[in-house]
Amino acid sequence: MTVAPPGPPSAPPNATIVNSLPPASVSPKESSRIDKWTRMLMPQRSGQVGNAEGWRIRDSKEPKLRERIYKGIPDRWRRAAWDLLMTRYSAFSPRTIETLGRQYREGLEKPSTYDIQIDLDVPRTISGHIMFRTRYGAGQRSLFHVLHSFSLRCSSCGYVQGMGPIAATLLCYFEPERVYAALVALHDAYNMHEVFNPGFPGMLEAIYVQERIMETTMPAVYAAFRKHMISTTSYATKWYITLFANSVPFQTQLRLWDVFLLEGYDLFVAVAVGIVWVYRDHITSSSANFETILSLLSSFFVPESEDALLAWIEMTLGDKKLRANMVQWRREWKQLVAAGKEGSALL
């Protein structure tokens with residue numbers, strides 16, 4: 001990544017206000033992408049005439065997978081693609097997923113100490129989506145059941161509010177049993193256990209990596225954060241805890257998740273850096289202050305172009321030197337935590 005020079009001092013401290021979300025649009029290439037994904041994905045069967053247990057990529061199309069994910073998974077193929085990506089990343093077998101489905105159903109019969117809080121949070125979770133608008137409707141009941149059963153799985157994580165938008169997004173594509181299995185995959189394989197543990201240690205590690213990238217590539221922005229005493233946790237916590245649900249338009253969130261399920265949690269570090277990059281001139285403006293910067297980064301982020309955002313992320317996560325540095329910075333953070341010095345290591 002190149003180093004960004006400071007913006008002009010006369011730059012406005014505030015970004016252009018968007019009065020309404022742009023309508024969800026269908027790419028003119030959607031039809032051709034559907035055809036490509038139809039040729040690329042194949043059902044994986046348990047026997048010659050058995051039902052499909054999952055999906056696999058045709059061997060000849062494997063080199064195309066990453067490129068096509070960044071270009072956008074067609075929505076009609078999103079369930080199959082997400083299932084494939086999570087199964088690969090977690091190495092879950094069909095039998096494991098079946099066992100988790102049974103575990104989900106058994107959990108419904110058990111009490112959870114988190115039930116009251118879950119019931120309070122469910123109607124506030126992506127309530128603008130038609131599936132979750134009706135109090136105690138099918139969508140809200142499914143969301144409650146998934147969060148209830150998942151709260152029984154990990155004694156240290158239990159339930160935290162950020163789990164709701166994640167489970168709700170997954171319920172848009174999967175039945176509750178499969179959503180429960182997906183949450184287990186995110187918890188065990190995608191590092192969400194560390195993110196949701198008390199104190200959110202995985203989130204703080206990601207923030208440390210984000211700050212090192214900003215310090216290296218946007219030194220003027222990093223200096224502005226220090227000058228105005230802007231802590232990264234004050235604006236980025238909701239990003240990392242909810243995986244950007246409720247922080248970007250839903251269609252943008254889905255495309256980010258396409259890549260997350262391929263790349264892992266580093267994707268959200270790249271997105272966080274990307275948003276700061278977009279606002280860098282406003283942050284370094286001579287008129288900027290604590291309130292303007294925090295308001296800017298706490299607001300809903302609407303990218304001018306999803307394709308440009310995803311192309312930037314692809315370039316960033318494809319930078320081998322940067323990825324190696326990210327691994328090193330994570331090691332540094334663990335050393336700081338072990339030495340009890342993590343409190344002074346963040347902005």
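Guide: A nonpolar core is a set of buried Ala, Val, Leu, Ile, Met, Phe, Trp, Tyr and Cys residues joined through side-chain atoms within 4.5 Å. Buried means under 20% relative accessible area, exposed over 50%, and partly exposed in between, with a 1.4 Å probe and protein chains only. The model is predicted, so local features need pLDDT of at least 70 and side-chain atom pairs count only at pLDDT 80 or more, while totals for chains, interfaces and linings use all residues. Residues are numbered from 1 along each chain as its sequence is written, and side-chain values use heavy atoms, with hydrogens and water left out.

Visitor: How many residues does the largest nonpolar core have?

Guide: In soluble globular proteins, nonpolar side chains tend to be buried together. Here the largest nonpolar core has 108 residues, and Tyr240 is one of those with the most contacts inside it. Helix H14 (residues 266-278) gives the most to this core, ten residues; helices here are DSSP runs of H or I with at least four residues, strands are runs of E with at least two, and both are numbered from the N terminus.

Visitor: Which residues does Tyr240 touch?

Guide: Contact means heavy atoms within 4.5 Å. Leaving aside residues up to four places away in sequence, Tyr240 touches residues including Met203, Tyr265, Phe268 and Ala272.

Visitor: How should I read phi, and where is Leu243 found?

Guide: Most residues other than glycine have a negative phi. Leu243 has a positive phi, near 55°, and is found in the loop between helix H12 (233-242) and helix H13 (250-263). Phi of Tyr136 is also positive, near 60°; this residue is in the loop between helix H5 (115-121) and helix H6 (138-151).

Visitor: Is Leu243 buried or exposed?

Guide: Leu243 counts as buried, at 0% relative accessibility. Tyr136 is partly exposed, with a relative accessible area of 47%.

Visitor: What lines the largest cavity?

Guide: On a 1 Å grid over the protein atoms alone, a cavity is a set of points where a 1.4 Å probe fits but cannot get out, and lining residues have an atom within 4 Å of a point. Grid points are joined across faces, edges and corners, and a volume is the space filled by probe spheres set on the points. The largest cavity holds about 50 Å³ of space. Its lining includes Phe150, Met163, His187 and Phe196, and H8 gives the largest share, three residues.

Key
On a 1 Å grid over the protein atoms alone, a cavity is a set of points where a 1.4 Å probe fits but cannot get out, and a pocket is an open set with protein on both sides within 12 Å along at least five of seven lines; lining residues have an atom within 4 Å of a point.
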